[in-house]
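Dear colleague,

I am handing over the structure below for your files.

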Amino acid sequence: MGQRPTIIINRLDAERLQRLIDNASDKDMAVAQLLEEELSRGEVCDPEDIPDDVVSMNSQVRFTDLTRGLKMIRTLVYPHSLESVADGISVMAPIGAALIGLKVGDIIEWPLPNNTETRLRIDAIYWQPEREKQFHR
């Protein structure tokens with residue numbers, strides 16, 4: 001796996017994500033461990049200080065799976081919100097975990113459960129709670 005880009009995570013997201021990691025089931029443990037690695041290397045800041053071009057929780061993001069040549073638009077959500085968000089992708093899914101904290105233009109190589117890797121590129125952020133002054137979403 002190549003070097004990962006620097007990530008920025010808002011403090012509230014980091015706290016909520018840590019709770020998810022701490023309570024992860026056996027089936028989610030591999031993703032939880034990767035997510036914890038991301039949190040430990042990320043720059044944590046207050047929600048008001050998140051740049052507009054960074055993927056935070058509840059952001060709607062356009063990204064490209066460069067490995068498969070697929071463009072997707074998804075909203076990064078907590079697992080409990082998955083059913084209520086039509087284009088939702090859970091932060092506890094392998095690809096969802098890869099998106100958190102990346103900024104537009106970043107490319108990340110990310111392991112998948114089938115012992116392969118994918119390369120993802122953030123193309124655009126259509127909606128971000130912090131940009132809309134929704135700091136506690």
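At what angle do helix H1 and helix H2 pack, and how far apart are their axes? The angle is about 150 degrees and the axes are 10 Å apart, with H1 covering residues 11-22 and H2 residues 29-41.

Please note that this is a predicted model, in which local features need pLDDT of at least 70 and side-chain atom pairs count only at pLDDT 80 or more, while totals for chains, interfaces and linings use all residues. Residues are numbered from 1 along each chain as its sequence is written, and side-chain values use heavy atoms, with hydrogens and water left out.

**The helix pair**

Helices (H or I, at least four residues) and strands (E, at least two) are DSSP runs, numbered from the N terminus. Axes are lines fitted to C-alpha atoms, for helices over the stretch in contact, and angles run from 0 to 180 degrees between N-to-C directions. H1 and H2 are therefore roughly antiparallel to each other (under 35 degrees counts as roughly parallel, over 145 as roughly antiparallel, 65 to 115 as roughly perpendicular and the rest as oblique). On the H1 side, Ala14, Leu17, Gln18 and Ile21 meet Ala32, Leu35, Glu36 and Leu39 of H2, contact being heavy atoms within 4.5 Å. The residues of this contact comprise 6 nonpolar, 1 polar and 1 charged (Ala, Val, Leu, Ile, Met, Phe, Trp, Tyr, Cys and Pro count as nonpolar, Asp, Glu, Lys and Arg as charged, and the others, Gly among them, as polar).

**The sheet**

An open sheet is formed by 5 strands in the order S5-S4-S3-S7-S6, with mixed pairing; two strands pair if DSSP finds at least two bridges between them. Strand S5 (88-90) and strand S6 (107-111) stand at the edges, each with a single partner strand, so one side of each has no neighbour in the sheet. From one strand to the next, the twist averages 45 degrees.

Strand S3 (residues 60-65) pairs with strand S4 (residues 70-77) in the antiparallel sense over 6 bridges. Arg62 has Ile73 in S4 as its bridge partner, and Val61 stands opposite Arg74 in S4. S3 and S4 form a hairpin with 4 residues between them, and Gly69 in the turn has a positive phi of about 70 degrees. S3 also pairs with strand S7 (residues 117-127), in the antiparallel sense over 6 bridges; there, Phe63 stands opposite Ile122.

**Salt bridges**

The structure holds 10 salt bridges, each a side-chain nitrogen of Lys or Arg within 4 Å of a carboxyl oxygen of Asp or Glu. One of them joins Arg11 and Asp46, whose closest N and O atoms are 2.9 Å apart. Arg11 lies in helix H1 and Asp46 in the loop between strand S2 (43-45) and S3, so the pair ties together parts 35 residues apart in sequence.

Yours sincerely
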